[in-house]
Amino acid sequence: AKNPDNLPSDKLFTITQSITRKKGEKTGLDYWIYDMIPLSQFLSGMSSDNYTQRRHELEKLRSTFNETNHVYALPVLEWTKDMEVIQGYADRMAEYDKEGIMLNSSNGLYVTTRSNNLLKVKQFFTMDLLCTGVIEEIRGGTLGAIEVDYKGNTVKVGSGFSHYERAYLWE
């Protein structure tokens with residue numbers, strides 16, 4: 001969603017969800033592209049080009065994007081492996097109430113599953129939350145997610161559990 005009031009990312013996410021879930025024409029949105037692959041490759045589950053090649057193709061299209069069509073290419077902050085530089089960008093995003101930054105492996109292929117070729121770098125915060133429910137894993141027999149109350153909203157927490165922890169907690 002457009003963000004003229006400079007809302008923090010969690011509030012902006014909620015607004016974006018409410019707009020995109022409405023039926024009919026959607027207004028008040030910008031479309032930011034960070035990567036692209038042909039539909040046939042997406043449907044097959046993997047790109048044939050690495051990120052550097054895909055980014056080159058996106059840059060060739062960038063001049064066709066503008067404010068009137070609300071389509072933008074997310075800029076590359078820097079091509080680096082220096083963790084101090086990377087952490088500096090992540091810290092700067094946190095200062096602007098942004099969630100974090102994404103790291104793309106320049107030689108990585110796009111895959112439609114979790115991958116080490118695309119990683120999120122963000123600050124982590126610890127807090128105690130009330131558990132309001134548990135959800136069984138889709139294939140059954142283990143924990144899929146824990147539901148918690150966060151600022152009056154039910155949020156599903158499911159990442160970070162090992163297979164052992166999922167089985168143990170479900171039991």
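Predicted model: local features only at pLDDT ≥ 70, side-chain atom pairs only at ≥ 80, totals over all residues.

**Entry 1: the whole thing**

I began with the surface: the protein exposes about 13100 Å², and carbon and sulfur atoms supply 54% of it. Such accessible areas come from the Shrake-Rupley method with a 1.4 Å probe, and for residues only the protein chains shown count as cover. Residues are numbered from 1 along each chain as its sequence is written, and side-chain values use heavy atoms, with hydrogens and water left out.

Next I looked up the secondary structure, which comes to five helices and nine strands. Helices (H or I, at least four residues) and strands (E, at least two) are DSSP runs, numbered from the N terminus. Read from the N terminus on, the elements go α-β-α-β-α-β-α-β-β-β-β-β-β-α. The C-alpha trace spans about 55 × 40 × 35 Å along its principal axes.

I also checked burial: of the 171 residues in the protein, 18% are buried. Buried means under 20% relative accessible area, exposed means over 50%, and partly exposed is in between (1.4 Å probe, protein chains only). Then contacts, meaning heavy atoms within 4.5 Å: among those between residues at least 6 apart in sequence, 41% join residues at least 24 apart.

**Entry 2: helix α3**

I tested the length of α3 against its residue count. At 1.5 Å a residue, its twelve residues should span 16 Å, and the end C-alpha atoms are 16 Å apart, which agrees. The expected span is 1.5 Å times one less than the number of residues.

Which residues of α3 are buried? I found Tyr 51, Arg 54, Arg 55 and Leu 58. Seen down the axis of α3, these buried residues fall within an arc of 100 degrees, so they line one face of the helix. The arc is that of the directions from the helix axis to the C-beta atoms. What covers the buried residues of α3 includes β1, β2, β3, β4 (101-104) and β5.

Asn 50 lies in strand β2 (residues 46-50) and is buried, at 16% relative accessible area. I saw that Asn 50 caps the N-terminal end of α3, with a side-chain oxygen 3.0 Å from the backbone nitrogen of Thr 52. Not counting residues up to four places away in sequence, Asn 50 touches Ser 106, Asn 107, Gly 108 and Leu 109.

Asp 35 sits in the loop between β1 (31-33) and α2 (39-44). Is Asp 35 buried or exposed? Asp 35 counts as buried, because its relative accessibility is 15%. The side chain of Asp 35 makes a polar contact with the side chain of Arg 54, at 2.8 Å. A polar contact is a pair of N or O atoms within 3.5 Å; within protein, one must be able to donate a hydrogen and the other to accept it, and residues adjacent in sequence count only if both atoms are side-chain atoms. Leaving aside neighbours within four places in sequence, Asp 35 is in contact with Tyr 51, Arg 54, Leu 58 and Tyr 110.

**Entry 3: aromatic pairs**

I counted four aromatic pairs in the structure. Rings of Phe, Tyr and Trp (its six-membered ring) pair if their centres lie within 6.5 Å; planes under 30 degrees apart count as stacked, over 60 as edge-to-face and the rest as tilted. The rings of Phe 42 and Tyr 110 have centres 6.5 Å apart and planes at 40 degrees, so this pair is tilted. The pair links distant parts of the chain, with Phe 42 in helix α2 and Tyr 110 in strand β5 (residues 109-111), 68 residues apart. Phe 42 is partly exposed, at 40% relative accessibility.

The pair of Tyr 51 and Trp 79 is tilted too, because the ring centres are 5.9 Å apart and the planes are at 45 degrees. Tyr 51 lies in helix α3 (residues 51-62) and Trp 79 in the loop between β3 (71-73) and α4 (83-95), so the pair ties together parts 28 residues apart in sequence. Tyr 51 is buried, at 6%.
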